[in-house]
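Please look through the sequence and the structure before reading on.

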Amino acid sequence: MYTYLFIYYLIQFCGHSWIFTNMTIRFLSFGKDSLADTFYSIGFVMCLCQSLSILELLHILVGIEKNCFLPRFLQITERIIILFVISSQEEVQGKYIVCVLFFLWNLLDVVRYTYCMLSVTGTYYEALTWLNYTLWIPVYPLSILAKAFAIYESLPYFESFGTYSTKLPFPVALSICFPYILKMYLAMLFV
């Protein structure tokens with residue numbers, strides 16, 4: 001199991017490191033121009049890494065990882081919902097907030113997966129341990145604000161195009177308006 005966990009953490013570390021490095025180099029090379037096409041350059045790998053993180057829930061359920069299920073479930077679900085919102089509206093993909101959000105997520109994940117990968121081998125560094133347990137304190141609230149802003153930025157597009165809004169047939173006669181669901185989710189983010 002230790003070998004499997006090490007390989008899993010290594011794959012996640014490589015994916016998030018690639019994203020983080022790509023974003024940083026693009027920003028240093030192209031400046032503000034790189035922010036608008038962040039999703040186009042790293043979106044696939046970001047979706048792949050976040051989809052792969054669903055395995056962490058199985059790790060917890062099976063017992064090979066010693067984390068609490070509910071916080072991990074909420075974090076993974078939030079990220080997948082936000083990626084779904086961003087990837088489903090092309091107009092949102094070019095927003096600057098997407099770059100900020102991805103930068104914050106990957107900053108946390110590069111540190112976390114490095115720490116987890118090394119801890120599986122029994123290697124601990126004080127600085128990395130400290131960073132793993134304290135970096136989230138300023139970054140996590142910023143990422144929640146970035147998520148909220150990304151949802152807020154996407155609302156006009158979902159409202160005008162009617163994407164994912166539907167009317168159920170006669171016996172139920174219920175309309176599901178996706179922007180209202182996003183607004184409820186937006187309210188829950190701050191709770």
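## Reading the fold

Along the sequence, the elements of the protein run in the pattern α-α-α-α-α-α-α-α-α-β-β-α. This is a predicted model, in which local features need pLDDT of at least 70 and side-chain atom pairs count only at pLDDT 80 or more, while totals for chains, interfaces and linings use all residues. Residues are numbered from 1 along each chain as its sequence is written, and side-chain values use heavy atoms, with hydrogens and water left out.

Q: How many helices and strands does the protein have?
A: Helices (H or I, at least four residues) and strands (E, at least two) are DSSP runs, numbered from the N terminus. Here there are 10 helices and two strands. The C-alpha trace spans about 60 × 45 × 25 Å along its principal axes.

Q: Which elements have the lowest and the highest mean pLDDT?
A: pLDDT is the predictor's confidence in each residue, from 0 to 100. Where pLDDT is low, the predicted coordinates should not be read in detail. The protein has a mean pLDDT of 90, and 99% of its residues reach 70 or more. Among the elements, the lowest mean is that of strand β1 (residues 166-167), at 78, and the highest that of helix α8 (residues 126-134), at 95.

Q: What span should helix α5 have?
A: The expected span of a helix is 1.5 Å times one less than its number of residues. Helix α5 (residues 69-88) has 20 residues, so it should span 28 Å; its end C-alpha atoms are 28 Å apart, which agrees.

Q: Which residues of α5 are buried?
A: Buried means under 20% relative accessible area, exposed over 50%, and partly exposed in between (1.4 Å probe, protein chains only). By that rule 40% of the 191 residues of the protein are buried. In α5 the buried residues are Arg72, Gln75, Ile76, Glu78, Arg79, Ile82, Leu83, Val85 and Ile86.

Q: What do the buried residues of α5 pack against?
A: Contact means heavy atoms within 4.5 Å. The partners of these α5 residues are α3 (38-52), α4 (55-62), α6 (90-93), α7 (96-120), α9 (136-161) and α10 (178-189). For the protein, 70% of the contacts with a separation of 6 or more are between residues 24 or more positions apart.

Q: Is Gln12 buried or exposed?
A: Gln12, in helix α1 (residues 2-30), counts as buried because its relative accessible area is 0%. Not counting residues up to four places away in sequence, Gln12 touches Cys49, Leu52, Ser53, Glu56 and Tyr113.

Q: With which side chain does Gln12 make a polar contact?
A: A polar contact is a pair of N or O atoms within 3.5 Å; within protein, one must be able to donate a hydrogen and the other to accept it, and residues adjacent in sequence count only if both atoms are side-chain atoms. The side chain of Gln12 has such a contact with the side chain of Tyr113, at 3.4 Å.

Q: Which residues lie nearest the centre of the largest pocket?
A: They are Asn67, Arg72, Arg112, Cys116 and Asn132, out of 31 lining residues. The largest pocket holds about 960 Å³. To its lining α7 gives the most, with eight residues.

Q: Where is Asn132?
A: Asn132 is in helix α8 and is buried, with a relative accessible area of 15%. Leaving aside neighbours within four places in sequence, Asn132 is in contact with Val111, Arg112 and Tyr115.

How values were computed. On a 1 Å grid over the protein atoms alone, a cavity is a set of points where a 1.4 Å probe fits but cannot get out, and a pocket is an open set with protein on both sides within 12 Å along at least five of seven lines; lining residues have an atom within 4 Å of a point. Grid points are joined across faces, edges and corners, and a volume is the space filled by probe spheres set on the points.
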